[in-house]
Amino acid sequence: MTPELENPTERALSRWENEGGATLPAALRDQFPGLAGGWHYLDTAATAQKPQAVIDATVRAMGADYATVHRGVYARSANMTVAYEAARERVARFIGGQADEVVFVRGATEAINLVAHSYPRVVGSGGRVLLSVLEHHSNIVPWQLAGWQVDVCPLTEDGRIDLDAAERMLTSEHTMVAFAHVSNVLGSVLDAPRAAELAHRVGAKLLLDGCQAVPRLPVDVAALNCDFYVFSGHKLYGPTGIGALWARHDLLAAMPPWQGGGSMIDKVTFAQTTYAPAPTRFEAGTPAIVEVMGLHAAIDYVSGLGLAAIHAHEAALVGQLRRELAARNDITLFGPEDSAGIVSFAMDGVHPHDLGTILDEEGPDGTSVAIRAGHHCAQPLMAHLGVAATARASFGLYSDESDIAALLRGIERTRRIFG
Ligand code: PMP
């Protein structure tokens, strides 16, 4: 007989696991202080609320355990260094890579900037990248800034990156294909192995922007067959200011540093400086020690629940919300049916900002709903959809049917106001 679990949260989690992630235990929500007061938070794609385990890990790292890494000769610093490198191992294991292939960065934005600036020096001057219409600005602007020639792959009717078009567009002049693994607006999931095959066929590398994928799907860089994978910790229930770049070892080893400073060197003289091997070579300066500890705790937390269970849970919520919205005659839905955790829509005669503002006001039940309204840092996609902005509801592992019900009540209230 299984011993009775003492802790109500553990009991609920165990039930959740047994039910295949189809229902969310209310006790799980209690672990997120940011959700206190019954707030209906539907903006997890922007940034996820943090479980107490992550908050505790960062408090410990900033308090009792705090010391610098890679420098101190005293025990506390040595312990922190071990913990810092253990976090690197954990990130690598989480996405199926090796520790020496993981660079800690501020987030996905910094990771893409790093690749866009450093990789051209491996392939010679310049570079040519195939992006897609649905990319986040952070997967557009760094390539422009670094002087890459940019080509843009169109989308299919239902809002996926059109890989047939990519196949037609790719030439041996392309050195990189950089696509979102999951769109932050449409929730569409890329067929990454096919994108990898197309890129590799012409000798290009594949970079995947995994910001919206790592919190929502099991990710294995080997199975995806990509060359670079980037993500941000704060969307994965971890702290802000930390993220990771994973790159195949041979690529990282060939890439020159892009920022100089302490930690990333081997020997410095005024005549000549040599650099540390990768990944240290890419981590100039004192790193985000506290945030790295928080990221480690966040990965342990989501891995404890299981990404497959989180995905199943969010898929059920997406299906329910899309059905409810499709049943209304004043809503246009964007993106494919099977979008991962994210539902973008427009309401006839109501600007998304007005909808967002009304939802934020307390409803008759005393709670409010937070959605995102705007261009979602994807202005080319807005132009493609022919809108200035969309409303976006995005789920997290703590979301449940009460969030959907509150959103629908708020939409109805908005309809009554706008007539
Ligand atoms: N790519 C995607 C798909 C995103 O959703 C985001 C964040 N909205 C980013 C990149 C940029 O992430 P960050 O701002 O954390 O660097």
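Before going on, some ground rules. This is a predicted model, with local features needing pLDDT of at least 70 and side-chain atom pairs counting only at pLDDT 80 or more, while totals for chains, interfaces and linings use all residues. Residues are numbered from 1 along each chain as its sequence is written, and side-chain values use heavy atoms, with hydrogens and water left out.

Back to the ligand. Gln212 also places a polar side-chain atom 2.7 Å from a ligand oxygen. With Ala108 the backbone is involved: an N or O atom there lies 3.5 Å from an oxygen atom of the ligand.

Now the surroundings. Residues around the ligand include Thr109, His136, Ser138, Asn184, Asp209, Cys211, His234 and Lys235, where near means a heavy atom within 4 Å. By class, the shell has two nonpolar, seven polar and two charged residues; Ala and Cys count as nonpolar, Asp and Lys as charged, and Gly among the polar ones.

Which pocket holds the ligand? The ligand sits in the largest pocket, meaning that more than half of its atoms lie within 2 Å of the pocket's grid points.

Last, the domains. The chain is divided into domain 1, 7–51 + 306–418, and domain 2, 57–304, with bounds from an automatic or database assignment. Their C-alpha centres lie 28 Å apart. In contact, meaning heavy atoms within 4.5 Å, are 44 residues of domain 1 and 33 residues of domain 2.

Definitions and conventions: Polar contact = N/O pair within 3.5 Å; in protein donor to acceptor, adjacent residues only side chain to side chain. 1 Å grid on protein atoms, 1.4 Å probe; cavity = no way out; pocket = protein on both sides within 12 Å on 5 of 7 lines; lining within 4 Å.
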